[in-house]
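Me: Hey, can you walk me through this one? I'm new to it.

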Amino acid sequence: MADKSSQGEPKPEAQFAKRIDPAKEALTREQLQFIRQVELAQWKKNSAKLRGRNVATGLAIGAVVLGIYGYTFYSVSQERVMDEIDEEARAAKLQAPKTGAN
């Protein structure tokens, strides 16, 4: 007869990716070094994603700032408020009759 462990059932003593707490358990130097290597690999993998997101966010914020800056210059260059006030004052001065108070 065949052994039950060869039929696909996992052995109870063979645990895969068992979670451990390095602060609570006494680990060997090799185990700690392996943990550091795995953490470093995960950090490098995630940092590439974060760098891309940071660049995209920075470009989006920069585009908004430049858009506001450009729109401000455009709207200020279109304003003719002072010119209109000056023209109205000249027109009023020309149309007003000359009196002794003027």
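Reply: Helices (H or I, at least four residues) and strands (E, at least two) are DSSP runs, numbered from the N terminus. This is a predicted model: local features need pLDDT of at least 70, side-chain atom pairs count only at pLDDT 80 or more, while totals for chains, interfaces and linings use all residues. Residues are numbered from 1 along each chain as its sequence is written, and side-chain values use heavy atoms, leaving out hydrogens and water.

Me: OK, how many helices and strands does the protein have?
Reply: Two helices and zero strands.

Me: And how many aromatic pairs?
Reply: One. The rings of Tyr-69 and Phe-73 have centres 4.9 Å apart and planes at 75°, so they're edge-to-face. Rings of Phe, Tyr and Trp (its six-membered ring) pair with centres within 6.5 Å; planes under 30 degrees apart are stacked, over 60 edge-to-face, the rest tilted.

Me: Where do Tyr-69 and Phe-73 lie?
Reply: Both are in helix H1 (residues 29-78), four residues apart, about one turn of the helix.

Me: Are Tyr-69 and Phe-73 buried or exposed?
Reply: Both are exposed. Buried means under 20% relative accessible area, exposed over 50%, partly exposed in between (1.4 Å probe, protein chains only).

Me: New topic: what percentage of the residues count as buried?
Reply: 2% of the 102 residues.

Me: And where is Glu-88?
Reply: In helix H2 (residues 81-95). Glu-88 is exposed, at 57% relative accessible area.
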